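Please go through the structure below as a briefing.

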Amino acid sequence: MIGAPLSRVEGPLKVSGRATYGYEDWSFGPTLYGFVVEATIARGRITSIDTSVAERAPGVRRVLTHRDAPPQGEPDPSASSYARAMPVLKDTEIRAFAQPVALVVARTFEDARAAARLVRITYEITPGEYELDEPGAPEIEQKSVNAGYSADSSIGDLDGALASAPVVLDRVYTTPYAFSLPMETHACIAAWDGDTVIAHCSTQIVADARQRIASTLRLDPEKVRVLSRYVGGGFGSKLGVSVETILAVMAARIVGEPVKVTLTRQQMFHLTGHRPASRQRVRLGASRDGRLHAFGHDAVQKQTRGSDYVEQTATAGRSLYAAPNRRTTHRSIALDLPVAGDVRAPGEAPGLFAIESAMDELAYTLDVDPIALRIANEPTIHPELNIPYSDRRMVECMREGARRFDWNRRARIPASTRDGRWLVGLGMAAAIRPHYQSESHVRVRVEPDGTVRVQCDMTDIGTGTYTVLAQTASEALGVPVDRVRVELGDSALPRTAGSGGSWGATNSCTALLRACRTLREKLGAPSGDVRAHVGASAVDAIGSVPEQTEEPSFSKSSIASYGAHFAEIGVDVDTGEVRLRRMLGVFDVGRVFNAKTARSQLIGGMIWGVSMALHEEGLVDPRVGAFVNRDFAQYLVPVHADIPAVDAIILDGFDGAANELGAKGVGEVGNCGASAAIANAVYSATGVRVRDLPITIEKLLPHLPARS
Ligand code: MOS
């Protein structure tokens, strides 16, 4: 049953509208609606705020401002960044564009939204800095970057090796601001009952949502119950809850009725985090046969003033290729933009665009096949940590992909293949993403009627958690999958690390497997269908996985998921229009829990790579410090017609160092390196190397070969 391509067990609930998302939980009864009023400046302070007109508008119950907000906790830098306090409506200071300055609470969403325009605010503006390339902006040293990585790493003598290498490549690549933008907007319904509150929100990590609510509003966490049973995507932006949740809980207490708040799509661009723009220098020193002597990767990124979030952009290369001399660094430039945060494959996605573009450039410089160049530099042990890889089948991914994709049909000379008016090219790139484990607990229970219940606060953010947990319990307990009921997304259930970092499925399925083993011991049922051993009362058991720091295999070996992307691109020789023609990814992720949902995750990541390469670009208006293109009309993502044949193949595998199920993370590796495969295919098609994403017509058109 584990691994079977089972359709999502909750699918019928979702397509029939019976899966209840945070904003539409009618069990709370009628609720009031809150609408966030955003600051229209990026830095300064409120000098006056007049809510009297808005308060008299139809349907309005209350307009909350900093004058109404209760005292709130301050963010504790030592707490998980998703659980820290997030004070809202705290004072009159404005720290970023769109910071909430009021919440209009009204009978309907429309009433609240209409009245939000009637709140009169005047500001005193302070100048701020909004451009990454501000001349003379000081680069800030980092001690560590996101996910606890050291900011810098250094082995051997990078500068010396570059000075003596027969071939040196030294290039700068840039990536723009990008956003998670899950389909379901961030939302929360909150209702108080005495001194306890229930918040049905949309979050990836229930326990951290509860902690954030409690520490912000100075509540006992025991008095906060968080529900997040169905989530319409998160991609990092819902690792922690945002202002909508804090405001819903705050407003519900003040008005004494249930309140729901959602952000609009436009508000999400400023209030739910973004991937910081980056400027990356990659330096490669090689011998003529393609052996790397030197590998250098320096990332400079935007950092929001007052926030410690710095993406781990230069960490992906630390374990990717062998080279005796190597250095990676992270520096940042403080800007007064909204707070940044995780966006799917934080670090690896922009970092691998740079590294895997540079490797392609080196392959052309040396006139060697890009796959041969990578195989020549395949490490046998982790080149910086000096520990073995648990299981690394990168070369197999590349070879299998090359075979299936007809890579040997690739023309060595760029811009030499035509199909009518289309210039056609093939490109590839490697993918790598570390595997993580975090403390998680899962309960399993067999009822006298033979129903098996799996219970934990894990979330299903569209990834298939309900399904893979049902499959794991079915196999471990010998019961049909349709007798398993999976209950998730409730802080009253055992605590997990939630969905994030591609760890959710492996954490919770491994903990569940252990719970099932304990249950079998309790029942005295070493094999077969456990239902034969259940008497008149239910029996349950808890299984756990600890933090990875307590698992020796995580320090003794380097555990990661791997892959190789292949893309065929056509570029219209007259217009510069770029079209994806086909794309294939081959992945090594250990054992999969569900062939259908895993493939779906991988394809989603690859499509995001296409989007990153060709479409997405958040643009800052430096006059006001705001993202200007803040909707799906102007912030481009692919539509169906942009995505033709895309396929993902998963190698049969089992990585026992990861866990006893042999499974590793799937959710993000599909988005790692995919953008570079597209950029490399564009080069193969046109001979034009675009180092600044996204690859748009205006970057190609002046350089395209003449139409013959
Ligand atoms: Mo992911 S960006 O860790 O949700």
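The loop between α8 (348-366) and α9 (370-376) holds Asp367. Asp367 is not a glycine, yet its phi is positive, at about 55°. This is a predicted model, and the values here are computed from it.

**Backbone geometry**

- Most residues other than glycine have a negative phi, and most peptide bonds are trans.
- The bond between Leu693 and Pro694 is a cis peptide bond, with omega at about -5°.
- Pro694 sits in the loop between α15 and α16 (697-700).

**Helix packing: α8 with α15**

- Two packed helices are described by the angle between their axes and the distance between the axes.
- The axes of α8 and α15 cross at roughly 30° and come within 8 Å.
- The crossing of α8 and α15 is right-handed.
- On the α8 side, the contact is made by Ala349, Leu352, Phe353, Glu356, Ser357, Asp360 and Tyr364.
- On the α15 side, Ser675, Ala676, Ala679, Asn680, Tyr683 and Ser684 take part.
- The contact of α8 with α15 has seven nonpolar, four polar and two charged residues.

**Helix packing: α14 with α15**

- Helix α15 (residues 674-686) also packs with helix α14 (residues 595-614).
- Their axes come within 7 Å and cross at roughly 55°.
- α14 and α15 are therefore oblique to each other.
- The crossing of α14 and α15 is right-handed.
- From α14, the contact uses Met606, Gly609, Val610, Met612, Ala613 and Leu614.
- From α15, the contact with α14 uses Ala674, Ser675 and Ile678.
- By class, the contact of α14 with α15 has seven nonpolar residues, two polar residues and no charged residues.
- Ser675 of α15 is named in the contact with α14 and in the contact with α8.

**Helix packing: α5 with α6**

- Helix α5 (residues 206-217) packs against helix α6 (residues 243-255) at an angle of about 55°.
- The axes of α5 and α6 lie 10 Å apart.
- The angle makes α5 oblique to α6.
- α5 and α6 make a right-handed crossing.
- Arg212, Ile213, Thr216 and Leu217 of α5 meet Thr245, Ile246, Val249 and Met250 of α6.
- By class, the contact of α5 with α6 has five nonpolar residues, two polar and one charged.

- Rolling a probe the size of a water molecule over the atoms shows where empty space is left.
- How many cavities of 30 Å³ or more does a search of the whole structure find? The search finds one.
- The largest cavity contains about 60 Å³ of space.
- Its lining consists of Thr175, Pro176, Ala178, Arg275, Trp608, Met612 and Glu616.
- Four residues of the lining of the largest cavity are nonpolar, one is polar and two are charged.
- Met612 lines the largest cavity and also belongs to the contact of α14 with α15.

**Open space: the second largest pocket**

- The second largest pocket has a volume of about 670 Å³.
- Its lining comprises 29 residues.
- Which of these lie nearest the centre of the second largest pocket? They are Tyr149, His382, Leu385, Pro434 and Ser558.
- β9 (149-150), β10 (153-155), β20 (422-434) and α13 (552-556) each supply at least two residues of the lining.
- The lining of the second largest pocket divides into 12 nonpolar, 12 polar and five charged residues.

Definitions and conventions. Residues numbered from 1 in each chain as written. Predicted model: local features only at pLDDT ≥ 70, side-chain atom pairs only at ≥ 80, totals over all residues. Heavy atoms only, no water. Axes fitted to C-alpha atoms, helices over the stretch in contact; angles between N-to-C directions. Helix = DSSP H or I, 4+ residues; strand = E, 2+ residues; numbered from the N terminus. Parallel < 35°, antiparallel > 145°, perpendicular 65-115°, else oblique. Left-handed = near helix turned anticlockwise from the far one by under 90°. Contact = heavy atoms within 4.5 Å. Nonpolar A, V, L, I, M, F, W, Y, C, P; charged D, E, K, R; others polar. 1 Å grid on protein atoms, 1.4 Å probe; cavity = no way out; pocket = protein on both sides within 12 Å on 5 of 7 lines; lining within 4 Å. Points joined across faces, edges and corners; volume = space filled by probe spheres on them.
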